[in-house]
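Biologist: I am new to this structure. Please take a single part of it, look at it closely, and then show me what surrounds it.

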Amino acid sequence: MANNYLTTESKKLATWYFTFAAIIFGAQLLFGLVAATQYVIPGFLFEIVDFSVARMIHINALVVWMVFAMIGSVYWLLPDETGIETVGIGLGKLLFWVFAAAIVVVVLVYLLVQVGPADETSLWLIHEGREYIEAPRWADIGIVVVVLGFIYNLYATGMKGNRSGIVTVLMADMLAFAGIYLAGMGYTDNISVDQFWWWWVIHLWVEATWEVFVGSLAAYGLITMIGAHRKVVEMWLWIEVAMLFGSGILGMGHHYFWIGTPEYWWEIGALFSALEPLPLVAMFIHVLYDWGKMQGEEAAKGQDVSVIANKPAFTWFVLNAIGNFLGAGVWGFFHTFPQVNLYTHGTQFTSAHGHLAFFGAYATLLIGMFYLAVQGKNGIKVMNTTKKSIWATSMIFGGVLGMTAALTLSGYVEVLVSRAQMGATWAGYFDSQASVWFMQGMDWRLIMGVITFLGFFVLVADLLSIGKATHHKR
Amino acid sequence: MAKKSVWSDNRFWQRSAAWVTGFASMLLIWLTFDTIPQIMLGTDADLQNGVTKRVPGPTVINYKITYEMDKKRGHEIPVIGEKEMFFGRDDYSEEEAAELLHLGKLGSQVKNCMNCHTLLGNGAYYAPDLTKAWLDPAWGPEGSMQAMTGKSSKEEAMAEFLQNPSQYPTHARMMPNLGITAAEAKGLVAFLKHLSSIDTNGFPRNFGKIQGAVHGK
């Protein structure tokens with residue numbers, strides 16, 4: 001870029017993180033498409049890139065791009081919040097390259113080596129075979145080192161500069177986020193104990209620390225994009241933290257219904273996870289309320305200009321409020337009671353929830369951050385939407401909603417045929433898979449997946465070109 | 001002038017958030033200390049003395065396992081019965097059985113089972129759940145898999161299938177060849193047998209009880 005308006009190294013580093021995240025996001029969608037195709041055409045890439053490999057890359061790339069975009073988001077907002085350049089930014093930049101190189105090696109090994117003999121060496125060098133955190137042990141250790149460096153940047157900057165409420169929440173949250181990862185690094189022959197700790201990572205990430213991260217980022221977005229009052233936004237943030245951690249930490253119980261753990265987790269999981277949608281409702285209302293309030297203040301002054309300083313980013317932030325509530329809240333609530341979960345656990349129903357929740361709660365907000373970075377990099381005061389941003393938003397959001405609807409219907413068939421009627425046997429499983437409704441669901445999922453994937457290319461084209469459009473206020 | 005209400009005070013909400021988070025975390029840690037001892041592997045002595053463990057010891061492979069309705073608990077639980085041959089033996093020592101389970105659990109991770117199958121209901125949904133696979137009628141004497149693989153026992157049929165999965169296609173969606181050796185296959189079958197003995201609070205419901213409910217078969 002000829003003109004780079006970024007004045008801090010922290011923000012420059014953030015754009016590196018965002019760029020790499022966007023590439024991995026593309027890889028996630030590509031391998032998701034391979035896996036979706038295999039449901040429709042089972043022989044597709046058989047014994048070349050099998051479903052297990054495609055899915056491993058699909059969900060691991062998901063985690064990686066989100067972690068990259070989250071770290072990037074923190075580097076982005078730190079100078080704004082603390083008023084100073086990030087402390088130790090040189091180390092941060094070095095660690096970015098270490099992290100990115102490690103991820104490339106991990107993915108290449110997944111793709112080219114795929115499986116090894118059943119020994120410890122394979123766990124160290126190839127993958128650990130536990131979904132979402134498959135990364136081999138050498139990479140685990142590398143990730144811990146990189147994240148420690150990131151935590152150092154965050155803490156040193158937060159302590160030296162102005163420590164706002166948002167930065168305080170992030171400091172506590174990111175430390176928990178990093179610390180919890182350690183719970184998933186061990187090996188045990190006891191699969192119940194294994195899954196017990198594995199859920200500490202997965203659940204306490206996506207239903208606790210990541211959600212609090214989203215709350216912090218939404219707070220930052222409301223202040224920077226519509227000029228919401230910091231006092232109000234930060235008070236809401238603390239309330240959200242109380243609600244999210246208050247329900248989410250013990251909501252972990254809903255993963256302990258059937259893995260060998262005692263029955264009392266039924267009650268604990270049901271009670272606390274039933275409360276988990278509440279903060280998501282609160283966040284949704286908060287975003288829309290603040291928007292209306294700020295616009296109303298303008299109207300009272302006799303102005304009818306939009307208060308939004310970055311329309312595409314704000315669109316994604318609002319979609320986050322809706323998507324988080326729908327995907328994590330509603331779709332999660334559907335099957336969070338043990339009486340229901342007994343039949344839905346391990347069906348496409350979970351997959352439907354997973355798709356809309358990860359997308360609605362995290363992808364939307366992080367795409368919004370990409371747009372904020374484009375705005376900052378190009379020195380734009382008010383960034384408007386383009387045709388491409390509208391197309392990208394509609395195709396991606398519509399595509400994921402469509403996939404979710406299709407997977408939900410397929411999930412119902414599995415619940416009814418495989419679980420309720422047939423008792424979850426091998427034969428029962430394949431009877432459900434052969435059902436016309438199930439197969440139609442998989443066809444629609446693939447079609448909607450293609451739309452999402454095409455939408456991704458429009459999004460990338462928009463991110464690369466929107467900064468040069470002439471209808472912005474500079 | 002009325003004093004500023006505490007309900008609109010950021011410090012109040014910050015403290016509340018810290019207390020709520022602290023309380024929830026302490027409760028989780030306390031429950032973890034209660035749960036972990038309950039799900040540790042049992043011992044061979046437990047099995048010999050009929051002591052029920054949520055996760056039995058590895059020598060459970062020496063015994064017959066069934067999945068039966070427990071009236072008091074209102075759902076099925078695994079029941080460990082008489083001695084049963086496993087690859088021609090029913091006298092695996094604690095060390096031998098532990099070694100088999102170790103190889104099998106390690107194999108289940110390295111071969112990436114979880115990214116097609118579900119284990120204890122967690123994983124991918126591209127292939128059948130393996131939680132109670134050992135008890136599946138398809139692998140029993142009446143099922144199709146023993147005849148298909150030309151083997152006379154459940155464990156041998158499973159081991160043969162695991163080593164050459166694409167030779168025995170049961171559906172258009174096939175299991176790929178993962179380079180599983182004979183020793184690894186034996187370990188994996190031991191792992192599956194042990195898995196089926198874990199008390200999963202009645203998941204999956206009605207496993208193997210209803211056959212032919214669909215398509216009038």
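**Helix H3 of chain A and its surroundings**

Modeller: H3(A) is followed by A:Gln114, a residue with a positive phi near 65°. This is a predicted model, in which local features need pLDDT of at least 70 and side-chain atom pairs count only at pLDDT 80 or more, while totals for chains, interfaces and linings use all residues. Residues are numbered from 1 along each chain as its sequence is written, and chains are lettered from A and ligands numbered from 1 in the order in which they are written. Helices (H or I, at least four residues) and strands (E, at least two) are DSSP runs, numbered from the N terminus.

Helix H3 of chain A covers residues 89-112, which is 24 residues. From its first C-alpha to its last it reaches 35 Å, close to the 34 Å expected at 1.5 Å a residue; the expected span is 1.5 Å times one less than the number of residues. The buried residues of H3(A) are A:Gly92, A:Leu95, A:Phe96, A:Phe99, A:Ile103, A:Val106 and A:Tyr110. A residue is buried if 20 or more other C-beta atoms lie within 10 Å of its own, exposed if 12 or fewer, and partly exposed in between, with C-beta atoms placed from the backbone. Helix H1 (9-40), helix H2 (51-82) and helix H5 (137-160) of chain A are what these buried residues pack against. Contact here requires C-beta atoms, placed from the backbone, to lie within 7 Å.

The largest nonpolar core has 216 residues. Such a core is a set of buried Ala, Val, Leu, Ile, Met, Phe, Trp, Tyr and Cys residues joined through C-beta atoms within 7 Å. A:Tyr17, A:Ala21, A:Trp65, A:Phe68, A:Ala69 and A:Phe370 touch the most other members. Leaving out residues up to four places away in sequence, A:Ala21 touches A:Trp65, A:Phe68, A:Ala69 and A:Gly72.

In H9(A), A:Trp265, A:Trp266, A:Gly269, A:Phe272 and A:Ser273 are buried. These cover an arc of only 165° around the axis (taken from the directions from the helix axis to the C-beta atoms), so they lie on the same side of H9(A). Their cover includes helix H8 (230-251) and helix H12 (338-344) of chain A.

As a whole, chain A has 16 helices and 0 strands. Its radius of gyration is 22 Å, close to the 23 Å that the globule rule gives for 474 residues, so chain A is as compact as a globular protein of that length. The radius is taken over C-alpha atoms, and the rule is 2.2 Å times the number of residues to the power 0.38. Buried residues make up 59% of chain A.

Chain B has 6 helices and 4 strands. The radius of gyration of chain B is 23 Å, well over the 17 Å that the globule rule gives for 217 residues, so chain B is more spread out than a compact globule. In chain B, 46% of the residues count as buried.

The contact between the chains takes 65 residues from chain A and 74 residues from chain B. On the side of chain B that touches chain A, the largest share, 14 residues, comes from H1(B).

Note on methods. Contact = placed C-beta atoms within 7 Å.
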